[in-house]
Amino acid sequence: MKRNLIGGEWIDGSAIRQNINPSDIDEVVGEYTQADASQARQAIDAAHAAQRAWSFSGIQARSNALDFIGSELLARQQELGNLLSREEGKTLAEGVAEVARAGHIFRFFAAEALRIRGDRLSSVRPLVDIEVTREPVGVVGIITPWNFPMAIPAWKIAPALAYGNSVVFKPADLVPGSAWALAEIISRSGIPAGVFSLLMGRGSVVGKEIVNSGKVNALTFTGSVDTGRRLAEQAAGGFKKLQLEMGGKNALVILDDADIEIAVDCAIQGAYYSTGQRCTASSRFIVQKGIYPHFVSRVAEALSELTVGHALDPETNIGPVVDEEQMKVDQEYVDIGKAEGATLMYGGEPLRRHTRGHFMSPALFADAAPQMRIAREEIFGPVACAIPVNTYEEALEVANDSEFGLSAGICTGSLKHATHFKRHMQCGMAMVNVPTAGVDYHVPFGGTKGSSYGAREQGSYAAEFFTTVKTAYTRA
Ligand code: ADP
């Protein structure tokens with residue numbers, strides 16, 4: 001059984017949770033302890049006690065630790081990618097790529113730790129100088145979802161540590177394996193005891209302690225809109241700095257002048273890879289009428305050529321849905337789409353394979369209307385719908401008619417429309433002839449409207465959230 005890391009010690013919790021493989025529910029990937037509320041408080045106390053010394057430990061020590069973590073992740077990407085795919089269900093290629101991405105993120109922040117910048121300005125008062133410097137926020141609570149069990153923790157933990165914060169990390173219940181493996185590497189990186197704690201456990205127990213603790217100065221969360229809203233209300237009362245990444249209903253606009261091969265590739269990759277379980281997944285194809293029939297039939301044809309199966313099978317393109325509950329949601333939305341009058345062009349069926357897993361054929365709805373629930377609500381599964389439109393202007397209007405604003409894409413050969421789209425699409429990430437999902441690790445990530453709250457994640461912009469600014473005045 002794997003334990004939690006609290007104040008530098010590996011500690012048993014009050015319960016055990018089995019980690020089940022969604023490709024084969026008869027396989028237990030491992031057993032993981034569950035922290036209780038008092039252990040969560042213990043970890044927070046340890047983080048609080050260790051933070052100041054860590055923040056003055058020097059940037060070389062921090063950079064070395066992050067480089068150690070990143071290098072080990074890269075060296076063990078096959079092994080850890082296999083574990084990730086077994087617990088989450090994305091294909092082995094996707095699992096390995098995610099671990100590699102996490103490794104690159106740690107190495108990126110190993111370098112960022114060495115170039116924490118400030119400003120020096122003259123005062124409006126003669127003989128007075130001003131320095132603007134960045135300091136750590138303090139103790140950072142990190143709460144993550146199941147869909148990127150390694151990369152999302154990495155893109156929160158790495159900058160938190162790089163800028164001198166201490167961390168209390170609560171991974172999602174469904175994916176303790178990747179979180180534990182990452183924590184184990186971090187425990188050997190030279191970081192002092194207490195600076196980083198792993199708290200596997202329930203959101204309503206461990207998460208709640210983190211959110212309500214007066215000793216946690218900042219909270220970064222990725223997960224559902226409902227949980228995010230609840231956490232924001234609780235955390236704001238304690239004046240915590242907040243960063244929330246939540247849902248998406250990402251549009252991919254296809255104009256008549258699009259390259260059809262690129263458009264189909266963007267649609268398949270963006271909507272269905274990682275089983276559609278990405279907050280940046282395309283779930284609305286907004287398609288101009290001239291290309292619409294060809295696009296819809298080509299996407300359906302491409303879907304029929306994909307292999308759905310066990311995540312570790314090299315033939316598999318689409319792994320299982322993460323668990324029974326998510327499978328139920330996906331199936332419900334397939335029924336909702338049919339009842340709303342959209343045409344199910346392909347898929348949407350539960351599938352049997354040689355292992356008992358949550359397999360489902362990727363679903364494409366055609367003739368959807370912008371007001372339908374399948375076109376408005378986040379599904380978080382391999383389900384997308386195509387909405388026909390007459391003009392680019394109408395496409396943009398439909399794309400912007402959403403409570404979310406994470407990622408959005410356009411497939412077009414027109415520089416004019418691509419440029420207009422980048423300016424007028426209400427989103428945090430705009431893609432031209434590339435899929436809405438699958439972003440680089442060294443540039444900002446985040447959205448507008450109901451998708452995100454607080455400063456951007458990743459790249460050098462991560463400093464906005466993980467540091468606070470001090471303005472110092474000096475008369476010589
Ligand atoms: P998902 O299940 O799609 O990952 P959730 O929003 O349900 O999205 O969960 C995201 C993370 O938030 C998980 O780590 C979960 O355990 C945690 N969580 C859920 N409820 C709470 C809560 N009340 N307080 C703190 N954390 C929570």
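Me: What makes up the lining of the second largest cavity, by class?
Reply: Seven nonpolar, four polar and two charged residues. Here Ala, Val, Leu, Ile, Met, Phe, Trp, Tyr, Cys and Pro count as nonpolar, Asp, Glu, Lys and Arg as charged, and the others, Gly among them, as polar. A heads-up: this is a predicted model, where local features need pLDDT of at least 70, side-chain atom pairs count only at pLDDT 80 or more, and totals for chains, interfaces and linings use all residues. Residues are numbered from 1 along each chain as its sequence is written, and side-chain values use heavy atoms, leaving out hydrogens and water.

Me: Why is a space called a cavity here, and what is its volume?
Reply: On a 1 Å grid over the protein atoms alone, a cavity is a set of points where a 1.4 Å probe fits but cannot get out, and lining residues have an atom within 4 Å of a point. Points join across faces, edges and corners, and the volume is the space filled by probe spheres set on them. By that rule, three cavities reach 30 Å³ or more. The second largest cavity holds about 50 Å³. Of its 13 lining residues, Lys-249, Phe-404, Gly-405, Leu-406 and Ser-407 are the closest to its centre.

Me: Which residues lie closest to the centre of the largest cavity?
Reply: That cavity has about 90 Å³ of space. Ala-281, Ser-283, Glu-378, Ile-379 and Phe-380 are the closest to its centre, out of 14 lining residues. The lining has four nonpolar, six polar and four charged residues.

Me: What makes a pocket something else, and which residues lie nearest the centre of the largest pocket?
Reply: A pocket is an open set with protein on both sides within 12 Å along at least five of seven lines. The largest pocket has a volume of about 1,400 Å³. Among its 41 lining residues, Trp-146, Phe-221, Gly-223, Ser-224 and Thr-227 lie nearest its centre. The helix α8 gives the largest share of that lining, seven residues. Helices (H or I, at least four residues) and strands (E, at least two) are DSSP runs, numbered from the N terminus; the chain has 14 helices and 24 strands.

Me: How do you know how the radius of gyration of the chain sits with that of a compact globule?
Reply: The radius is taken over C-alpha atoms, and the globule rule is 2.2 Å times the number of residues to the power 0.38. For 476 residues that rule gives near 23 Å, and the chain has 23 Å, so the two agree.

Me: What share of the residues is buried?
Reply: Buried residues (under 20% relative accessible area, 1.4 Å probe, protein chains only) make up 58% of the 476.

Terms used. Buried means under 20% relative accessible area, exposed over 50%, partly exposed in between (1.4 Å probe, protein chains only).
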